[in-house]
Amino acid sequence: MIISNEDSKLNNINVYLISLIPIVLITGPALSNIIVSLICLIFLFIIFKKKKINYFLFHPLAYFFYFWCLYLIVRSLLSTNPLLSLEGSLFYWRYIIFALSIWHTLEHKPKLLKYFFITLSFSFILLIIDGYFQYYYGVNLIGYKYLNDQGYRISSFFGEELILGSFLSRLFPIFFGLALLLHSKQNKFIYFAFIIFILVDILIYLSGERTALFYMLLSAITMVIFLRK
């Protein structure tokens, strides 16, 4: 697909917006939803402007999502409360647009990986510093207390939402994968990734999120199996 200067600028905007996602996720769902919507709108504008509607129909990535959406809709129709169930599954296709938006941006702007890794690393370092600060001093950097209604739980900037471990465990495989992809020949980055892994693993344990700890265990097993060095 030939990209004009205008489309190239729009793709650059999407690079910056996608790169911001790890940081804005820390602030809550409102800002992240706005950014995701903007990413999708920019992508749709480029696609419809170029009249590349077949991008949705024949893209390899789309087939999997179409099958998954169809599966969810069928399950919803067979549930005890189809209307209630369809509220979540019927509009699952918006994730297809978001996934294709990222794929399209990567095709034309590979630098996205570099910028995304930088912001993801910054988010991890920020949460690690803040999480340990909250554990040792009772409050985090903006005043959220270690002791809440559910006992002693580390939440960092997430406050009442106890999802610190969930955030770290789900994004760590992406962080480590990008570290290997972008800096496999630079040992200092690999050491950096392993230090982050140890700090994150301990922090998740301290947060008390057992599911997140299980995900990190899976990440560790995967690393041991697939890494040759």
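The points below are grouped by topic.

This is a predicted model, in which local features need pLDDT of at least 70, side-chain atom pairs count only at pLDDT 80 or more, and totals for chains, interfaces and linings use all residues. Residues are numbered from 1 along each chain as its sequence is written, and side-chain values use heavy atoms, with hydrogens and water left out.

**Packing of α8 and α9**

- Helix α8 (residues 164–183) and helix α9 (residues 187–207) have axes that come within 10 Å and cross at roughly 170 degrees; helices are DSSP runs of H or I with at least four residues, strands are E runs of at least two, and both are numbered from the N terminus.
- Axes are lines fitted to C-alpha atoms, for helices over the stretch in contact, with angles from 0 to 180 degrees between N-to-C directions.
- The crossing makes α8 roughly antiparallel to α9 (angles over 145 degrees count as roughly antiparallel, under 35 as roughly parallel, 65 to 115 as roughly perpendicular and the rest as oblique).
- Among the residues making the contact are L168, F172, F175 and F176 of α8 and F192, A193, I196 and V200 of α9 (contact means heavy atoms within 4.5 Å).
- The residues of this contact comprise 17 nonpolar, 4 polar and no charged (Ala, Val, Leu, Ile, Met, Phe, Trp, Tyr, Cys and Pro count as nonpolar, Asp, Glu, Lys and Arg as charged, and the others, Gly among them, as polar).

**Nonpolar core**

- The largest nonpolar core has 53 residues, of which F124, L127, L168, F172, F175 and V200 touch the most other members (a core is a set of buried Ala, Val, Leu, Ile, Met, Phe, Trp, Tyr and Cys residues joined through side-chain atoms within 4.5 Å).
- Helix α8 supplies the largest share of this core, 9 residues.
- Beyond four places in sequence, F175 touches F117, L120, S121, F124, F192, A193 and I196.

**Aromatic rings**

- The structure holds 14 aromatic pairs (rings of Phe, Tyr and Trp, the latter by its six-membered ring, pair if their centres lie within 6.5 Å; planes under 30 degrees apart are stacked, over 60 edge-to-face and the rest tilted).
- F158 and F167 form a tilted pair, 5.5 Å centre to centre with 50 degrees between the planes.
- One aromatic cluster consists of F117, F124, F172, F175, F176, F192, F194 and F197.

- N14, in helix α1 (residues 5–27), is buried at a relative accessible area of 1% (buried means under 20%, exposed over 50%, partly exposed in between, with a 1.4 Å probe and protein chains only).
- S156 is buried at 0% relative accessibility, and its phi is near 55 degrees, a positive value in a residue other than glycine.
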